[in-house]
Amino acid sequence: MRVDVIMPQMGESIAEGTLTRWLKKPGDKVARDEPIFEISTDKVDAEIPSPAAGTLVEIKVQEGQTVPINVVVAQIETEAGAAAGAGKAAAQPEGPKAAPEGAKAAPAAQAPAAKQPPAASAKPAVPAGGGSDGRDRAPQAEAPAAPSAPASWGPGPSASREIPKASSLAGSGSTVDDLRRVRSSPVVRKIAQEHHVDISRLAGTGVSGRVTKKDILAAIEGGAATAARAAGAPDRSASPAPAAAAASRSSAPAPVYAPGQRSSIVPMTAMRKKIAEHMIASRRTSAHVTTVFEVDMSRVMRLREEHKQAFQERHGVKLTPTPFMVRAAVEALKAFPEINASIEGDNVVYKKDMNIGIAVALDWGLIVPVLKHADDLSLSGIAKAVADLAERARTKKLSPDDVQGGTFTITNPGIFGSLFGTPIISQPQVAILGVGVIEKRVVVVQDAIGIRPMVFLALSFDHRLIDGAVADQFMAHIKATLEQGKFAEIV
Amino acid sequence: MRRCLHAYAGRVGYAEAADLQERCARLLKDGGTVERLLLLEHPPVITLGRNARSADVLHDEATLESLGVAVHETNRGGQVTYHGPGQLVGYPILDLSPDRRDVARYLRDLEEVLIRTLSQFGVTAGRAPGLTGVWVGPEKIASLGVHLSRWVTTHGFALNVNTDLSRFGLIVPCGLRGAAVTSMQRLLGRTLPLEEVAAAIVPVFGEVFGREMAPGSPPVAPAAAPALTEVA
């Protein structure tokens with residue numbers, strides 16, 4: 001079996017590396033983890049260990065060449081022994097291998113495409129960050145975080161429930177043995193080899209079940225009996241553990257607790273770290289204040305009820321409360337331009353366009369595509385555009401442009417039943433509107449008790465630029481539109 | 001918090017120091033846990049990093065030898081540099097796994113250590129966009145060059161404290177023709193004991209890298225190598 005050797009990523013901001021020296025030449029035997037080439041980036045020189053034991057059969061990148069990360073620089077033919085283990089885990093990881101085998105001619109260009117699982121190239125891995133800085137994260141997300149999609153109803157840099165290491169394992173044709181190997185360090189493997197201990201039979205107490213030095217030493221001291229007991233499944237051919245590990249990696253990231261461990265430590269993915277940084281950066285940048293208004297949605301719900309059938313027939317999309325919210329927000333933004341603005345240094349930048357980021361809930365999270373020029377759209381235009389964005393978000397057909405350039409954001413924690421939240425502003429915007437659940441509540445109407453569909457609207461605003469009075473007038477404007485607006489051109 | 005042993009070793013030959021680093025790194029790579037910050041100065045030596053061009057050494061070896069300057073090829077990143085008396089050299093032997101596996105971040109962190117240390121001495125230093133190293137205005141006061149193997153670091157930084165700056169005239173430092181170098185001595189108008197600067201670096205290093213710094217007996221020469229086991 002041929003194993004690709006790739007240009008590793010040496011840091012988050014590093015997109016390429018220069019191969020400075022081959023330490024092995026074609027035909028040389030290499031041990032796993034033995035340094036096979038050196039790369040340099042900036043002022044750093046690094047030895048790169050071999051990903052597998054075998055024979056270096058082909059060098060695709062010459063000394064002095066600079067190539068992007070994840071490009072295949074060489075291939076190693078592993079010893080036949082690997083085949084036995086390969087059968088089990090091969091099914092899906094083997095898929096993408098076919099291409100590189102077939103066409104070896106243009107390594108640099110084709111390699112990265114072949115390496116990455118198909119999901120990675122799908123566009124909507126773009127974060128929901130309405131702001132222009134969302135762009136930074138988009139390309140980053142592609143490489144390691146295959147099935148990721150933003151999640152969290154925070155506006156900007158959305159979270160992603162991604163699966164740690166999924167692609168790195170899937171992409172490299174992992175065998176059962178490989179899965180086990182990632183659970184031990186080179187030292188442990190060395191000790192294991194010296195003492196003829198089968199690591200795969202040990203239950204590790206380290207992070208994610210890694211077999212630690214202590215484990216292996218204990219196993220050696222306790223003899224094989226202990227080792228077998230620890231594993232719980234002495235028959236390796238039936239060994240359920242690696243299979244389970246593989247399965248959990250491709251679905252939900254349920255934490256794996258090693259026996260006796262009360263916690264599980266998993267490094268954050270690059271994307272997760274970006275999100276964390278972005279959230280904190282927003283908190284640090286803006287003086288967040290949240291104001292909450294309660295709005296009677298009777299009028300909107302009645303209009304919707306009256307027109308929904310005709311609307312659906314005429315425009316082909318459902319009439320939901322969202323276009324009403326957007327329209328009300330746009331009207332209010334026109335009246336209070338400082339809310340459709342941002343701060344740059346000592347200047348206030350007012351935005352002529354009203355580009356409204358709209359949170360769209362997805363099965364795998366949440367994304368915030370941007371409704372461009374919302375102020376130019378009629379209610380039906382907004383409805384159609386929102387439906388289109390939502391549909392493309394769900395089918396992963398958003399382009400990076402679709403999630404950029406927002407000037408104001410509307411998020412919707414209400415879909416999960418939240419009354420209201422205090423959303424975090426998507427930088428460099430200065431406000432975000434959170435819409436709670438619309439539900440019938442008992443309210444006082446003209447000194448009588450009535451039942452009305454009510455909603456809490458929460459506006460988080462940047463107090464550096466926006467005074468409380470302005471924020472509240474903005475909200476009062478929205479409330480008035482929703483409660484009394486004509487929405488004349490509905491159908 | 002991880003523990004990092006620091007020691008100021010005085011003047012150590014280049015090859016000897018390389019050896020020392022290699023042994024410390026080997027222990028880490030083989031499963032040891034002791035990280036180190038080795039601080040020392042070198043006798044006059046020109047070192048060629050992996051990206052060095054021979055044209056950047058401006059004199060032949062015979063001339064250099066007559067000046068008492070040795071030449072060494074090394075496996076650090078970067079190009080040509082000069083080390084010599086009065087220059088504080090720092091060799092952190094750290095394991096960047098699992099949480100600091102980012103070479104750019106590592107370099108920026110090393111720069112941060114030096115910038116903060118320099119500020120304690122009243123020197124306002126900073127970074128130059130796109131260039132690695134620590135700069136005071138247009139002049140370079142510290143150089144970096146790093147080697148990584150399995151995310152274990154060797155080599156590190158060289159800070160000009162009282163360095164004889166004329167020696168940089170023997171080379172094109174870091175491949176930057178015309179780049180001026182400076183030293184703390186030149187900027188402050190006085191000579192500082194290297195040991196004093198080394199002592200100032202240690203706590204800052206611990207702060208930036210999140211390590212608990214503890215003195216560790218200066219690792220001894222190869223002949224007496226057994227002392228280099230994991231005493232903490």
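Modeller: Two strands pair if DSSP finds at least two bridges between them. Strands (E, at least two residues) and helices (H or I, at least four) are DSSP runs, numbered from the N terminus. Heads-up: the model is predicted, so local features need pLDDT of at least 70 and side-chain atom pairs pLDDT 80 or more, while totals for chains, interfaces and linings use all residues. Residues count from 1 along each chain as its sequence is written, with chains lettered from A and ligands numbered from 1 in the order written.

Biologist: OK, how many bridges join β6 to β8 in chain A?

Modeller: Take β6(A) as residues 54-59 and β8(A) as 72-78; they run antiparallel. E58(A), for one, sits opposite Q75(A) of β8(A). The number of bridges joining β6(A) to β8(A) is five.

Biologist: Which strands of that open sheet in chain A stand at the edges?

Modeller: The sheet has four strands, with antiparallel pairing, in the order β1-β8-β6-β3 (chain A). An edge strand has a single partner, so one of its sides is left without a neighbour in the sheet. In chain A that goes for β1 (2-6) and β3 (29-30).

Biologist: On the side of chain A that touches chain B, which element brings the largest share?

Modeller: The contact (C-beta atoms, placed from the backbone, within 7 Å) takes 21 residues from chain A and 23 from chain B. Both β4 (35-41) and β5 (44-49) of chain A supply at least two residues of that side. The largest share, five residues, is down to β5(A).

Biologist: And which strand of chain B does β5(A) join through four bridges?

Modeller: These two run parallel. E47(A) stands opposite S149(B). The strand in chain B covers residues 139-149, and its name is β9(B).

Biologist: Now helices: are α13(A) and α15(A) parallel, antiparallel, perpendicular or oblique to each other?

Modeller: α13(A) is 321-335 and α15(A) is 468-484; their axes (lines fitted to C-alpha atoms over the stretch in contact) are 9 Å apart. They pack at about 135°, on a scale of 0 to 180 degrees between N-to-C directions. Under 35 degrees is roughly parallel, over 145 roughly antiparallel, 65 to 115 roughly perpendicular and the rest oblique. The pair α13(A) and α15(A) is therefore oblique.

Biologist: Last one: which residue takes a positive phi in the hairpin of β20(A) and β21(A)?

Modeller: β20(A), residues 439-445, and β21(A), residues 448-462, pair antiparallel over seven bridges. V445(A) has A448(A) as its bridge partner. Two residues lie between the strands, and the one with phi near 50° is Q446(A).

Notes. Two residues are in contact if their C-beta atoms, placed from the backbone, lie within 7 Å.
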